[in-house]
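Notebook open, structure on the screen.

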Amino acid sequence: MELHSDAAVKNILGLQLPTDPRWVDLAAINMGAILTDHAYCEQKAATTCISIIQRYSAYPDIVKTLAPIVTEEWGHFRLVLQELEKRKLPLGPQRKDVYVNALIDFSQKGGDEAGWLLDKLLMMAMIEARSCERFKRLSEGLDDAYLRKFYRRFMESEAGHYVLFLELAEKHLDPVRVRQRWAEWLAHEKEIMASQEIRGDRIH
Ligand SMILES: [Fe+2]
Ligand SMILES: [Fe+2]
C-alpha cells in the first residue's frame, strides 16, 4: 500500500481533510501525552471489537474476523505501555475523547439493526483511517528515528484494519448503502476535524 503523499492518503483512505502539518511538531514535544492517548485509542479499539462480537455472536463470520483484531489491538496497547514504562511514565488517566464522541453522536442509535451494524463498522473504519493518517505523520515527521519506525508499524496495521472494517460492512450489508453512508461519514468527519483546534497531546 502506497502511503507516501497527502494525495495517496486522501485517495486510499478517503479522508477529506489532511492533518495540519503543524500537528506533528506539537506532538513531538508532548510524546508522553501522545503515548497515553495512543494507549487508550488501542484499548478502545479492542473493547469496541469485543462489544461487536458480543452483540453479533450469532454471526460466525463477524466473530471470526474480529476475534484476532481484539488480540492485535490489545498487543498494540501493550507495545505503547512498554514505551511509557521505558520513559518511566505511568499510563495516567484517560482524557475525554472529543473526536470519538463526535463520531458516536453521528452514528445511528436506534432504528434498524442493519443500520446500527453499518454505522458501528463505518465508525471503526473512520477511526482506523484517521489514526493511520496520524501515525503516518509521526512516522515521517518525528526527529527520533526509533519513534518513526515505531509509528510506521502502527500505520501499516491500522491501514489493514480500515480495509477489514469496510470489507466486513460490504459483505454483510447492501454495498450501495455502505458506499452512500461511507460518503456521509467522510464528509462529516471532515467537519469534525475542521472544527477542532490542533492539539499535540492527542492522536485525534
Ligand atoms: Fe491498533
Ligand atoms: Fe486498528
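This is a predicted model: local features need pLDDT of at least 70, side-chain atom pairs count only at pLDDT 80 or more; totals for chains, interfaces and linings use all residues.

**Entry 1**

I started at Ser-107, which sits in the loop between helix H5 (98-106) and H6. Helices here are DSSP runs of H or I with at least four residues, strands are runs of E with at least two, and both are numbered from the N terminus. Residues are numbered from 1 along each chain as its sequence is written, and chains are lettered from A and ligands numbered from 1 in the order in which they are written.

The cut-offs I use: buried means 20 or more other C-beta atoms within 10 Å of the residue's own, exposed means 12 or fewer, and partly exposed is in between, with C-beta atoms placed from the backbone. Leaving out residues up to four places away in sequence, Ser-107 touches Asp-119 and Met-123. Contact means C-beta atoms, placed from the backbone, within 7 Å. I also checked Ser-107 against Leu-122: they are 15 residues apart along the chain, and their C-alpha atoms are separated by 9.0 Å.

**Entry 1**

Skipping its neighbours within four places in sequence, I find Leu-122 in contact with Ala-169, Arg-181, Trp-182 and Trp-185.

**Entry 2: H6 against H7**

Next I looked at how H6 packs on H7: the angle is about 160° and the axes are 8 Å apart. That makes H6 roughly antiparallel to H7. For the axes I take lines fitted to C-alpha atoms, for helices over the stretch in contact, with angles running from 0 to 180 degrees between N-to-C directions. Under 35 degrees counts as roughly parallel, over 145 as roughly antiparallel, 65 to 115 as roughly perpendicular, and the rest as oblique. The crossing of H6 and H7 is left-handed, meaning that the near helix is turned anticlockwise from the far one by less than a right angle (clockwise would be right-handed). By class, the contact of H6 with H7 has 20 nonpolar, 4 polar and 6 charged residues. In this scheme Ala, Val, Leu, Ile, Met, Phe, Trp, Tyr, Cys and Pro are nonpolar, Asp, Glu, Lys and Arg are charged, and the others, Gly among them, are polar.

I picked out Glu-140, which belongs to helix H6. Glu-140 is partly exposed, with 14 other C-beta atoms within 10 Å. Arg-152 is 12 residues from Glu-140 along the chain, and their C-alpha atoms are separated by 8.2 Å.

**Entry 3: H6 against H8**

H6 and H8 pack at about 45° with axes 10 Å apart. That makes H6 oblique to H8. I noted the crossing of H6 and H8 as right-handed. On the H6 side I see Leu-118, Leu-122, Met-126 and Arg-130, which meet Arg-177, Val-178, Arg-181, Trp-182, Trp-185 and Glu-189 in H8. That contact has 6 nonpolar, no polar and 4 charged residues.

**Entry 4: H3 against H4**

The axes of H3 and H4 come within 8 Å and cross at roughly 160°. The two are therefore roughly antiparallel to each other. This crossing of H3 and H4 is left-handed, and the residues of the contact divide into 19 nonpolar, 4 polar and 3 charged.

**Entry 6**

Lys-88 lies in the loop between H4 and H5 and is exposed, with 6 other C-beta atoms within 10 Å. Lys-96 lies in the loop between H4 and H5 too, and with 6 C-beta neighbours inside 10 Å it counts as exposed. I checked Lys-96 against His-204: they are 108 residues apart along the chain, with C-alpha atoms separated by 12 Å.

Definitions and conventions
Two residues are in contact if their C-beta atoms, placed from the backbone, lie within 7 Å.
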